[in-house]
Amino acid sequence: MKVLFAFILIIILGFVTQLFLPWWVVAIVCFLIGLTFVEKTKYALFTGFFAVFTLWGITALLTSYQNDFVLINRMSELLPVHNAWLIMLLTAVMGGLIGMLSTLSGYYLQTINNKPKRKFK
Amino acid sequence: MLTICLVIALNIRISGNPAFGSLLNPFSGFYNLAENPDKLHLPLEIVSEQLKAPVEVFFDERRIPHIFAENDDDLYFAQGYVVASLRLWQMEFQVLAAEGRIAELLGPGEDNKFIEFDKKQRRIGLKYGAENKLATIMADPFATQLIQSFSDGVNAYMSTVKTEDLPIEYQLIGYQPEPWSIYKTALLLMNMSNVLTSTEYDIEFSNFVTTYGQSLFDSLYRDQGANLQPIFPAPREGWQASYKNEDRLEIIELPVDASSLQKLGALYDKPDVQIGSNNWALSGEKTASGYPLLSNDPHLKLSFPSVWIEMHLSSPNVNTYGVVFPGAPGIIIGFNDYIGWGVTNAGRDVKDWYEVIFKDQQKDFYKYDHGWLATSKVFEEIKVKGAPSVFDTILFTHLGPVVYEDFVTQAGNKNFALQWMAHKGSQEYMTFYKLNRAKNFEDYLEALKFYECPAQNFVFACVDGDIALRQQGSFPILAKNEGLFYMDAAQHKAWDKYIPFDEIPMNHNPERNFVSSANQIVADSTYPYFVNGVFEYYRNRVINMELRKMHKATLADFKALQFNNYNLMAAENLPFMLRYLDKSSLDVEGQKLFDALDSWDYENTAVSLTATYFQLFSDAYYTLLWDEFVESEVPGGWDPFKWKDGWKAPNEFQTHRLLQDSIQHPFIDNLGTERVETSKDLMKMAFAQMQNTVTTLEVKEWGKYKNTLIEHLAMIPAFSTNLDVGGNYKIVNATGKYHGPSWRMILDFAGGKIKGYGVYPGGQSGNPGSKYYDNMVNEWANGDYHELIYTTDRSTYQTAQFIKVNFKTK
């Protein structure tokens, strides 16, 4: 259950903070979640990756959809991969990697600190 | 640690590539610029303490702003604000390029090409000219207020934009915009002068005339031919002239050792000669409505964002509609409730070169008359991204800046100074300010009195039925042949006398009931002042032929004429070119090509195969004929050859005269062969070359072969478009490979009320992430026009297809 909670929390907090703060704030969010809510290494990997993957992927998709895919098509020529879907996938994967690594970092710090089991908060 | 590294790595720029994290994240990266086509790019309410009264701006379905202000200061403020919101990057990039600051943005470039570009811009004096224009503006409180209001509007918009909302080019290149200023508007106008008055060949002609002699020069470069049609027919009562050419006492002598220029260092590139324009007007005598019709299409480089932005400006003092360069206030080509106007380039030579002899290596003094004059020096720092600045010292003479310094020639190093009309402070903005408000012919004339450079042919029509055409600009009074070749700085004072206003040619309600211009020569040889320049020979004659035929003309006739694809050059020359060939000596494929050319209707339509054959054929004999001047061939390129530095081959018109008139000529002989070629041999060789190329072509249809390119200003292919359309350079529908009608406008004065129709190859937005970046391109290509809305009745704008923005005072 806590995994799902962490997943949703990253998405919500990541979305809200990125509206107002620079994009890399999502890494801090994931780090903090990793520090507090994640219980296993594989959960950290899984939750971090898929939460930001979903957040960035859906945002990229919705933004492009309301734009009739005008810009994403041009950017796919520019980068050049010639495939708009691939660019959105790249965006999502990049977000996923950032999410995964930062959640993992948070989790590791938690485990270091928790050697003598200590409650957080 | 790894995470932090990743985040930092994604947030910084590595070796010129944009930062991936900053660019690709969907919150502040490029996705941010993905505009919803149904929403406006601006908030619906804008508050500014700089406004005196509220302003309403209605954006229509094409995002054309209709600006309603209660006074002119607010009008130009809002214009600046709106233009910046649509075209910020373009406005600034054009100006930075004019100022010679490209290396500052892009680094030194391949072989330091950006540094060299910047150096050139500064040496030819674009900054110098802009500073002179700025001084003229600042000396005039009225002009200062006008342009300052516009500039304040631009800056007000800029102050609201967050970094992540800046145009994508800023994100890709990685820099921030600077505040706008009057100086930047001056630079923009200077840049247009540079584009429109830079085609001259003084040094090339000097080289030719001293190598081959005056009579060959005259026959190949100066003879205009008998059947040409100057813009202004000679008046029956004769021309007026207050000055005679002899009034200038200097005798123009040929440069003594110019032939030793043969080994020249590289001259700076000149603008493409394919730049040009058409305009014409019919009086009510020749139209169905009994009122005038007017047309204008300026042919400039086809680019994204477009050269022009379309606007409607309205205040209690003015109600005008048309297009303007992003970065200048007012309307440049358009109409108001009473008059319409449009421009074509005059092509007159107002750019002359002088050899400067310095006293010594210090270059503190140069020879003038029998003594020495002091040079003044301007130090220039060219900033280079990622590298140390480059410094340059520009020397100024009484004539202008020394552009080419220690320029390597066979006769040792030479220095050339430039005298250029564009360097002078002038008040062109007043012309447009007054035209925007003009009500009749007298107002039009009054407006043009302020116009000096780049000289244009201003077409005019009025709801009262008047039509007119006038060439307007400052033209120095020259001795015969003055300015054809480079001159001696020691013997020339700066231009001081100009052709009086009343002696510049004009047509006002002429008997033939039409006026027209298409960059041809201004007047015939009876015109008393010496005229030099680069002129067009074909478009104007097709236009005049069609206008003469017109009777009860309508809008449809004008649309058809703007799209006229008749290739007069082919029609005049192909028959004799084919006669030179012996069809029976050709193989089967060759005979097929021969027959295609022989039965061609001379229409350069998009689907024509023969138009492609003719283009290849004429490129081939042109290169073979002028092989003396060809440096190297560029196989597969659109321009199939590179010319030698310091040489200029005669134009196509002179080439055809030569081919038609002479079977044998020193130039017709091809140097690459042992024998002496005649026109017939040349044609045979050219035909074979053409046939060879045709077999290698993947696409043969003219439109696909030409593959017209609308290119992004920073040459980013993903933001550019190719089109399959007809027309070409030298054809009325002047859509070439890289140039074309940058704004097609037709005005119908029926019933004494102007209806405007227009379209341009682009869109109002400079944002590649907007539907309005290129939404008019297909309409433009298909020949569709928009009816232009310019009513002051605001209820028109209360419907669903308009989005209203309220500008409020604080």
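Trainee: In what order do the elements of chain A run from the N terminus on?

Mentor: They run α-α-α-α-α. Chain A has five helices and zero strands, where helices (H or I, at least four residues) and strands (E, at least two) are DSSP runs, numbered from the N terminus. This is a predicted model, in which local features need pLDDT of at least 70, side-chain atom pairs count only at pLDDT 80 or more, and totals for chains, interfaces and linings use all residues. Residues are numbered from 1 along each chain as its sequence is written, and chains are lettered from A and ligands numbered from 1 in the order in which they are written.

Trainee: What does chain A span along its principal axes?

Mentor: About 55 × 25 × 25 Å for the C-alpha trace. Of the 121 residues in chain A, 42% are buried. A residue is buried if 20 or more other C-beta atoms lie within 10 Å of its own, exposed if 12 or fewer, and partly exposed in between, with C-beta atoms placed from the backbone.

Trainee: And chain B, how many helices and strands?

Mentor: Chain B comes to 22 helices and 31 strands. Its C-alpha atoms fill a box of roughly 80 × 70 × 65 Å along the principal axes, and 50% of its 810 residues count as buried.

Trainee: What is the radius of gyration of chain B?

Mentor: It is 27 Å, which agrees with a compact globule of 810 residues because that would have a value near 28 Å. The radius is taken over C-alpha atoms, and the globule rule is 2.2 Å times the number of residues to the power 0.38.

Trainee: How many residues does each chain give to the contact between A and B?

Mentor: Chain A gives 30 residues and chain B gives 28. Two residues are in contact if their C-beta atoms, placed from the backbone, lie within 7 Å.

Trainee: Which element of chain A gives the most there?

Mentor: α5(A), with eight residues. By class, the side of chain A that touches chain B has 17 nonpolar, ten polar and three charged residues. Ala, Val, Leu, Ile, Met, Phe, Trp, Tyr, Cys and Pro count as nonpolar, Asp, Glu, Lys and Arg as charged, and the others, Gly among them, as polar.

Trainee: Switching to domains. Where are they in chain B?

Mentor: Domain 1 covers 34–103 + 116–258 + 269–348 + 428–567 + 707–810, and domain 2 covers 568–602 + 609–700. The bounds come from an automatic or database domain assignment. The centres of the two domains of chain B, taken over C-alpha atoms, are separated by 35 Å. Their contact takes 17 residues from domain 1 of chain B and 14 residues from domain 2 of chain B.

Trainee: Which element supplies the largest share on the domain 1 side?

Mentor: α10(B), with five residues.

Trainee: What about the largest nonpolar core, how many residues?

Mentor: It has 210 residues, and those with the most contacts inside it are Ile67(B), Ala78(B), Ala281(B) and Phe460(B). A nonpolar core is a set of buried Ala, Val, Leu, Ile, Met, Phe, Trp, Tyr and Cys residues joined through C-beta atoms within 7 Å. α3(B) provides the largest share of this core, 17 residues. Domain 1 and domain 2 of chain B each give this core at least three residues.

Trainee: What is Ile67(B) in contact with?

Mentor: Leaving aside neighbours within four places in sequence, its contacts include Val55(B), Val57(B), Ala78(B), Met311(B) and Leu313(B). Another core lies apart, with 40 residues, among them Ile10(A), Leu71(A), Leu24(B) and Leu33(B).

Trainee: Which phi does Asn519(B) have?

Mentor: A positive one of about 65°, although Asn519(B) is not a glycine. Lys363(B), also not a glycine, has a positive phi of about 60°.

Trainee: Is Asn519(B) buried or exposed?

Mentor: Asn519(B) is buried, because 24 other C-beta atoms lie within 10 Å. Lys363(B) counts as partly exposed, with 17 C-beta neighbours inside 10 Å.
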